[in-house]
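Subject: Handing over the model, with notes on some of its helices

Dear colleague,

I am passing the structure below on to you, together with some notes on what turned up when I went through it. Please read them with the coordinates open beside you.

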Amino acid sequence: MKVLKFGGTSVKNATNIRKVADILNTQFEGNGPYTIVVSALGGVTDELVSMSKLAAKGNDEYIEVFNAFRKRHLATAKALLSSDNYKEIAPDLIANHDVLENLLNGIFLVRECSPRTADYVLSFGERNSAFIIAKALTQFGIPSEYLDARKLIVTDKSFQNANVNIKETEKRVKKYYKANPKQLHVVTGFIASDIGGLTTTLGRGGSDYTAAILAGALKAKRLEIWTDVDGVLTTDPRKVSKTFTVPRLSYREAMELSHFGAKVIYPPTIQPALSKNIPIYIKNTFNPDFPGTEITNKVDKSKKNEITGLSSMSGNALLRLQGSGMVGIPGIAARLFSSLAQEQINVILITQGSSEYAISFAIKSEDAKKAKKAIDQAFKNEIADKLINPIEIEDNLSIVAIVSEKMRNQPGVAGKLFSSLGKEGINVVAIAQGSSEYNISFVVSSKDEVKALNLIHDSFFLSQSVDINLFMVGVGLIGGTLIKQIAQHADKLKEEKNINIKLIGIANSKTMWIDEAGIDFENWKTDLSKSQSKSSPSNFVGKMKNLNLPNSIFLDNTANSRIPELYLDVLDANISIVTPNKVATSSKYKNYQKLKAIAKKRKVSFLYETNVGAGLPVITTIENLVSSGDTIQSLEAVLSGSISYIFNSFEPGKQFSEVVKEAKTLGLTEPDPRDDLSGSDVKRKITILAREAGYKVNMSDVKLKGILNKACLSANTVEEFFTELKGMDDHFDKLAAKAEAQGGKLRFIASLEKGKCSIGMKTVGADSPFYNLAGSDNMLVIKTDRYNTRPLVIKGPGAGADVTAAGVFAEIVSIANKAV
């Protein structure tokens with residue numbers, strides 16, 4: 001004997017019911033008798049609940065819901081059956097619907113629907129579906145008999161979630177099947193009756209339980225639960241995209257997973273199978289050839305993963321009873337949980353410290369107020385004497401559990417679990433682990449539930465791969481180049497470093513586009529242009545925070561001064577930042593300190609190597625020197641690619657204004673060259689370097705000796721500026737000639753010495769590293785305690801979209817490497 005259960009999705013409509021028939025025909029032909037248990041057509045139970053509630057409220061809209069119910073069942077029967085067979089069963093269906101219509105009318109008239117009446121209303125779902133399916137299977141060549149489970153399954157009168165009398169039920173099942181050895185029985189799931197014949201139900205998911213009860217009573221060879229997924233998955237696929245089927249589970253593992261929210265199997269289902277050692281198979285109606293999941297009394301010792309699966313439950317509250325009057329006093333826990341039992345409140349999780357000062361426990365949120373009232377009453381004397389504090393409630397929580405029988409002999413699982421959560425700033429409110437060590441369950445804020453599931457799943461099941469989720473503001477020259485570079489190297493990173501970079505959000509000054517599944521690197525421009533979402537830095541950051549994805553990185557590729565105002569909020573949300581934007585790191589020193597401190601506190605990265613020298617390893621080098629105990633004595637640098645080009649190209653015989661025009665034409669300067677020649681950008685950069693060297697420097701502390709006169713700086717337009725600059729050509733020519741006469745060259749150099757910063761034009765001799773500087777290269781000359789007689793020199797391209805984007809890309813990869 002085999003028992004198969006088909007859920008609501010499997011029998012949702014005529015097409016799906018034909019798939020069920022195909023499964024019965026092809027997979028079990030000639031393999032002995034079997035019983036199938038069916039749920040109501042998909043969605044029908046909710047419709048029955050809705051119509052009964054509407055009727056009880058005196059709302060005649062229940063009639064519309066009922067008519068849709070009647071029409072759907074008749075249409076399904078008509079689609080499945082021949083004309084003659086439909087005519088044969090239609091009167092029975094119609095009579096059944098008439099009974100339901102009269103029942104609903106009675107509820108409407110008395111404005112009441114008791115649990116007893118509600119159970120009777122709900123029974124019409126399974127009774128209709130089983131009746132239609134039995135007739136359809138017979139027509140398809142599978143002789144079948146409709147069987148109302150109320151004849152067999154006996155319960156108490158706990159309507160809506162009745163308790164089964166297993167002994168009496170097994171007696172009835174054996175007697176019925178002995179008298180009716182039909183090849184196939186189509187049994188109503190979910191419904192039962194009390195000893196006097198009143199209709200009861202087994203609670204949501206009760207059809208699984210019906211199948212398990214029958215399998216146990218009949219000592220079936222196997223119990224198969226047919227659903228719409230490929231077995232028991234490692235976790236909920238609606239919350240984690242990379243789930244996969246667990247091929248084998250033990251009964252205990254299945255019970256733990258189902259208790260903490262796994263929806264594939266109903267918890268009571270396992271007990272009847274376990275007691276008779278009947279294997280359970282979870283199969284997919286829409287992929288019948290897939291092996292699915294096998295649940296037995298054996299532990300799968302061949303699996304390599306430390307855990308079998310993880311599950312979660314949302315909508316919970318954590319209640320905490322604490323006080324000095326609890327310490328060493330026997331019976332406190334008994335009184336606490338007795339008060340809850342009297343109110344029929346189910347406790348999901350319990351944790352208590354060894355000090356006995358507090359007991360924390362989790363229940364469903366809707367029970368929290370009732371629980372508080374009951375507990376406060378139970379301990380009213382102790383509360384009045386201030387020996388015990390009034391109950392504390394923490395709401396909007398989720399419970400997450402990792403499950404495996406292997407954990408008992410596997411050290412380090414808890415450490416790995418909580419380490420992965422801590423790195424992403426997920427606060428664990430409470431922890432519980434039984435002495436059996438089959439599961440570790442813990443409580444987190446509901447907003448962190450999905451993030452926690454993804455982190456744990458990646459950590460334990462996909463430990464060789466990690467998703468890095470990018471949110472990019474600024475997709476112009478640098479941002480666009482960065483996306484192109486990522487696209488070119490994404491496959492290599494995935495293959496060689498197990499890093500999967502996903503572009504989740506992009507924004508320019510006008511629009512923004514966010515796609516949690518990932519934006520196509522090749523079509524991002526099209527996606528952004530079609531987006532109807534108006535760009536706003538605060539909204540973009542808000543959406544990024546709400547997604548709460550693990551391993552998120554915020555990329556600011558702009559020079560915008562408003563966006564850095566959001567950095568503190570981003571870092572505080574445990575999101576790393578990578579940026580070439582110099583505004584934040586050169587802002588007031590206190591703000592700079594705050595950003596560094598919050599990044600350290602939240603254990604996230606705040607990286608800005610490209611603030612100075614584009615892709616050159618400038619900031620990292622200084623940081624490494626300082627952190628390794630070296631002291632920077634002095635630093636000299638050419639920090640502007642545009643000014644570097646201008647002075648490297650300027651020599652006696654050339655007009656300074658023409659060299660600046662040439663640099664502008666080549667795109668080496670800003671549209672207004674004064675933005676470069678004023679030295680303000682260099683001022684930001686030397687401020688940043690001084691801070692990295694360990695000095696408390698603000699931009700206002702930097703002494704800047706400008707090279708432009710007031711007329712140049714105050715010119716109204718760029719054209720006027722060049723006119724005024726031409727008037728300075730003689731001045732610059734004399735300076736160049738003087739430098740040449742001294743055997744030197746002019747350079748615009750920023751200096752740091754003993755914490756003092758200055759910027760200005762200098763003449764450097766042939767023995768200076770700056771003498772042979774060419775093109776638009778940057779150069780830094782660093783003297784330290786270790787690099788004293790021969791200073792450390794860093795030289796290379798200090799500007800350009802390619803090298804800047806490459807620098808940002810390198811920092812993204814450095815963060816990803818830590819996450820793998």
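Which are the buried residues of α15? Bearing in mind that this is a predicted model, they are Gly479, Gly480, Thr481, Leu482, Ile483, Gln485, Ile486, Ala490 and Leu493. What covers these buried residues includes the strands β18 (466-473), β19 (499-507) and β21 (552-556), together with the helices α16 (524-530) and α28 (801-819). Helix α15 itself, which spans residues 477-497, bends by about 50° at His489, and the residue that follows the helix, Asn498, has a positive phi, near 60°.

On the α2 side the contact is made by Val44, Glu47, Leu48, Ser50, Met51, Leu54 and Ala55, and on the α3 side by Tyr62, Val65, Phe66, Phe69, Arg72 and His73. By class, the residues of this contact of α2 with α3 divide into nine nonpolar, two polar and two charged.

One further residue of α3, a helix that covers residues 62-80, deserves a note, namely Thr76. Thr76 has a relative accessible area of 8% and is therefore buried, the cut-off being under 20%. Leaving aside residues up to four places away in sequence, Thr76 touches Asn13, Ala14, Ile17 and Leu41.

The other pair is α6 (residues 166-179) and α7 (residues 206-218), which pack at an angle of about 70° with their axes 9 Å apart. Since angles of 65 to 115 degrees count as roughly perpendicular, α6 and α7 are therefore roughly perpendicular to each other, and their crossing is right-handed. In this contact Ile166, Thr169, Glu170, Val173, Lys174 and Tyr177 of α6 meet Tyr209, Ile213, Leu214, Gly216, Ala217 and Leu218 of α7. Sorted by class, the contact of α6 with α7 has eight nonpolar, two polar and two charged residues.

Conventions. Residues numbered from 1 in each chain as written. Predicted model: local features only at pLDDT ≥ 70, side-chain atom pairs only at ≥ 80, totals over all residues. Heavy atoms only, no water. Bend = angle between axes of the 7 residues up to and from the residue. Helix = DSSP H or I, 4+ residues; strand = E, 2+ residues; numbered from the N terminus. Buried < 20%, exposed > 50% of the residue type's maximum accessible area, 1.4 Å probe, protein only. Contact = heavy atoms within 4.5 Å. Axes fitted to C-alpha atoms, helices over the stretch in contact; angles between N-to-C directions. Parallel < 35°, antiparallel > 145°, perpendicular 65-115°, else oblique. Left-handed = near helix turned anticlockwise from the far one by under 90°. Nonpolar A, V, L, I, M, F, W, Y, C, P; charged D, E, K, R; others polar.
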